[in-house]
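These are my notebook entries on one structure. I record what I looked up, in order.

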Amino acid sequence: MAQIEVKVPQLSESVAEATLLSWHKKVGEAVSRDENLIDIETDKVVLELPAPAAGVIVQIIKNDGGTVVSGEVIAVIDTEASAGASPQQVSAAPVAAAEAPAAAPAAGASTGSKGDVAMPAAAKILADNNMTALDATGTGRDGRVTKGDALAAVANKPAVAAPAPLAAAAPKAALPQVAAPAVNLGDRPEERVPMSRLRARIAERLLQSQSTNAILTTFNEVNMAPVMEMRAKYKDKFEKEHGVKLGFMSFFVKAAVAALKKYPILNASVDGNDIIYHGYFDIGIAVGSPRGLVVPILRNADQMSIAEIEKKIGEFGQKAKDGKLTLEDLTGGTFSISNGGTFGSMLSTPIINPPQSAILGVHATKDRAVVENGQIVIRPMNYLAMSYDHRIIDGREAVLGLVAMKDALEDPARLLLDL
């Protein structure tokens, strides 16, 4: 019998450990090579762990919610079992000869219709699942419990009993599975759920930003009519030509890049007592996902066309929804844009994404009464907010930078003429 260990992939240097989310396969089930076995959550992304070979899962060492590190063995696959084999068809050879003597006593010593002696491999499988030989029907010689019998018993184990070992070893991981609060509070129920690694990381970075940056926010309003008119005029041709819808975010990205070129300090970052001026424009786009807020990066945004920006933003949105964003997608960035207007926000003070020094907050565009040439008129207005690190960015650069973004949006031709 040939067995292959399933190991946690190499995590990035900045990630010490990860959490197992949920197994897609059970003990005794057949798997194909490269089939996703389980999702592994780090504080940045969710990784898929593909099966290293085809076969049958004979052992799951780490359960859902377990904490793991790079290279840790979490399961074992029997590659000689035929695809689609049932637990009873799995070979009964020992999982590890060295473990056989210790595993044998776990089989129990009582007699009866069920096998009172378990083969070494079967004994280990039963012990790992908090079961004994009495929980399995022995089909081997003299009623002995084979590995196939053990796998069948594990597969048929009542679902209610399954979480018991996990609850004892790691109560935090089991809590999200609780269907009802432990204490009956009548019509005022409560449920305590631990933060996911991503949520905990977001909280840590936000607190870090507020404790290390001297954050100040400046505001301005922009008349979105010129952009809206341009979009309405060309959106059909744009979509037909480029295969992607023409949105508003690409205009905000282009306007931000134009302002960063004029005021490079907005694109800089602090490193100790040094200021790092970046000669490139990597714009982070805040995206909401089922797991929390993530900020994938548009690299060299100054070299991207409107169509390329729209395609990349669409790609990021889909990957965030599917949990497919990679560490590469989320690493770096010199300036960020957060569009709370997508959810209807009218105004906010965005928090800087370290180690960046500024962030633009975009909000909902609404028809408002404004004064133009002494007359009250209705215009589609958007309130822009830019938070900046006052340690290196003075009010002058921050205000003028935001005005440059406003000017670009109110006269989109500037973006084409680089004015």
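How many bridges join β2 to β4? I found 3 bridges between these strands, which run antiparallel; strands are DSSP runs of E of at least two residues, helices runs of H or I of at least four, both numbered from the N terminus, and two strands pair if DSSP finds at least two bridges between them.

I note that the model is predicted, that local features need pLDDT of at least 70 and side-chain atom pairs 80 or more, and that totals for chains, interfaces and linings use all residues. Residues are numbered from 1 along each chain as its sequence is written, and side-chain values use heavy atoms, with hydrogens and water left out.

Entry on the sheet. I read the order β5-β4-β2-β7 in an open sheet of 4 strands with antiparallel pairing. β5 (46–50) and β7 stand at its edges with a single partner strand each, so one side of each lacks a neighbour in the sheet. I also saw that Trp23 stands opposite Ile38 in β4.

Entry on helix α6. I list Arg197, Leu198, Ile202 and Ser209 as its buried residues (buried is under 20% relative accessible area, exposed over 50%, partly exposed in between, with a 1.4 Å probe and protein chains only). Seen down the axis of α6, the buried residues fall within an arc of 135°, so they line one face of the helix; the arc is taken from the directions from the helix axis to the C-beta atoms. On the other side of α6, I found Leu207 and Ser211 exposed.
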